[in-house]
Amino acid sequence: MNEIPPKEPLIETIIEPATQIDPNYNFAYLNEQTKKMIRRALLKAVAIPGYQVPFAGREMPMPYGWGTGGVQITASILTPDDVLKVIDQGADDTTNAVSIRKFFQRTAGIATTLNTAAATVIQTRHRIPEQKLQEGQILVYQVPIPEPLRFLEPRETETRKMHAFEDYGLMHVKLYEDISQHGHIATTYAYPVMVENHYVMDPSPIPKFDNPKMNNNPALQLFGAGREKRIYAIPPYTKVVSLDFEDHPFEIQAWDQPCEICGAEDSFLDEVIMDDQGTRMFVCSDSDYCQSRSEVQS
Amino acid sequence: MFVAVKGGEKAINNAHKLLAEARRGDTSIPEISIEQIEQQLSLSVDRVMSEGSLYDRLLAATAIKQARGDLIEAIFLVRASRTTLTSFGYSQPLNTSEMQVLRRISATYKDLPGGQVLGPTFDYTHRLIDKNLEQTNNFPTAIKAPASNEATPHVLGLLSDEGLMEQPPTDTDAEPNDLTREPLSFPANRDTRLQSLARGDEGFLLALAYSTQRGYARTHPFAGEIRIGKVAVEFTPEELGFTLELGEIEITECEMVNQFTGSKNTPPQFTRGYGITFGQGERKAMSMALVDRALRAEELSEDLVAPAQDEEFVLSHCDNVQATGFVEHLKLPHYVDFQAELELVRKMRAEQNVGQSQTSEAAE
């Protein structure tokens, strides 16, 4: 095995320069009225970390459940000088990430990048980049079901009261029942967190592996649920704790082997099936992290 | 060697070209025009306008063509286009008793002022495939009555005069709540519910309406009146202070008359369920009226026992653009979450195996 390279990759960052804006649309698709409305919701969300702010989500030209909440936030915060990165499952080249990146190239004409460090705005589905985020960066999450209590209590009228009263007994009972039945908390992604000792929040369906990265993060984290019309936020340097019990502390996933491409032992690995004989290969889910480490090594 | 899943962008571009080809179909057959769709598939156009919340026949026809006839996809296209439009205000309430009636029927009175007008209806046709349609230019000509000046008052108004009908809400000057500008919140007002139902999926509302007839929140309905025709849309610009007519739209309106046995505060009387669509959408308007009435259960102190009475259930799930997006998003990659689940299941199975072998050792 090669020497483990330094964590900060020393390779040159690559930025795709700004492109022509499609003149048929306002900058970043949404009209200014709508952007103002969303920015007001964002300000409220930042002021009350972890609280789900209802907003008048619009119909976007991509389907609900495919990132319309994230897209609306990104559209509302982008400036012409921003550099955008879009990932899905940690990778820039997954189809939906490509589609969303192209949407903003067309409607906002902004620069894009695959490099985590070079991006000012990163829109993500299901992952937090492995590389540490910096002050000034914004991470925009796509959220399918913003309500962490939804599968315990389907009614919005009830769950809003539960949040207001910090009545999270039901959630703790669920986690306890998991342990008593399975010996583990049987939640592996969208693992609930508590934000600044008040709101229990759904971190979106990121693997629980990523949960610790939310805590005390220098970047601003924004969450958009388009279909459910909710926005919430974690301001920089905010306390985010994954729910657990003293005798069953929160744990993250671990693999028996490093990434087979870059040798990383600290990243979330995807399992790739190589043939019909059951041969498997484990590689980083974060394609930029993996590639930059490989380039440093070669 | 492992090959990363690159080339997503190229694949997407090619898929879109293939889609355009598939939409066009066999090029030896003439291409369908927007005008043909607008004229000859007009009920599709009407549905797309209603559920797309935008009255624009040619835009809806274009969306249907682009969507290869998939109406939910066409509705989605119209909705996304609507997002880019600036809202400049709300019209005056439509005065549907002034409607230029194309069809008007009542199931509660044999005859009534304005008469029963069948109009172009599928009712009473025998559903036999018409082989004549395989040829073009083969259709009979209808004999049309001259336009009538006779007033066609609302049937439910006639009942109201006798005090048998609940009084309609009076604050018609209040600005309506608008779901496309404000997020849905619960409990919702009736105006919000009606807007949500008017945008809601025809199939979903039809099934819910049907469920009320089969005993899941029975409402004892009569089709008091169904009317289809053109009405004027009027708007009062704030800076002018007087009302202008913007144009005419075709709508379908349904008012159901429902039995109500009365409660502590209210004498026995008839109540109403209301349905409306753009264009000709009789099935949807009737379904909507039944569901509207079922959703008034709480207001009328009825027992809440069925899905059609459950405001959160109905309103949260009636939008087909939301529903189709979320159901179909399961096509997107989920390998990170699936990997997390794989890891857990493997771990739990390993522990179970250890546990079982320990038990069998102890038994030996």
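I took contact to mean heavy atoms within 4.5 Å, and with that I opened my notes on this predicted model.

**Entry 1: the two domains.** I looked up how chain B is divided and found domain 1 (13-82) and domain 2, which is made of two stretches (96-136 + 146-324). I then checked their C-alpha centres, and these lie 27 Å apart.

**Entry 2: who touches whom.** I counted contacts next: 14 residues of domain 1 of chain B meet 18 residues of domain 2 of chain B. For the area buried between these two domains I got about 1400 Å². Carbon and sulfur atoms give 53% of that area.

Entry 3: How many salt bridges does the rule find across the interface of domain 1 and domain 2 of chain B? I found three. I had a look at Arg47(B), which forms a salt bridge with Asp201(B); their closest N and O atoms are 2.9 Å apart.

**Entry 4: the domain 1 side.** I asked which helices of chain B supply at least two residues each to the side of domain 1 that touches domain 2. Helix 3 (42-52) and helix 5 (71-83) do. Helix 3 of chain B gives the most to this side, with six residues. Finally I sorted the residues on this side of domain 1 of chain B by type: seven are nonpolar, two are polar and five are charged.

Definitions and conventions
Residues are numbered from 1 along each chain as its sequence is written. Chains are lettered from A and ligands numbered from 1 in the order in which they are written. This is a predicted model: local features need pLDDT of at least 70, side-chain atom pairs count only at pLDDT 80 or more; totals for chains, interfaces and linings use all residues. Side-chain values use heavy atoms; hydrogens and water are left out. Domain bounds come from an automatic or database domain assignment. Buried area is the accessible area (1.4 Å probe) that two parts lose on being put together, summed over both. A salt bridge is a side-chain nitrogen of Lys or Arg within 4 Å of a carboxyl oxygen of Asp or Glu. Helices (H or I, at least four residues) and strands (E, at least two) are DSSP runs, numbered from the N terminus. Ala, Val, Leu, Ile, Met, Phe, Trp, Tyr, Cys and Pro count as nonpolar, Asp, Glu, Lys and Arg as charged, and the others, Gly among them, as polar.
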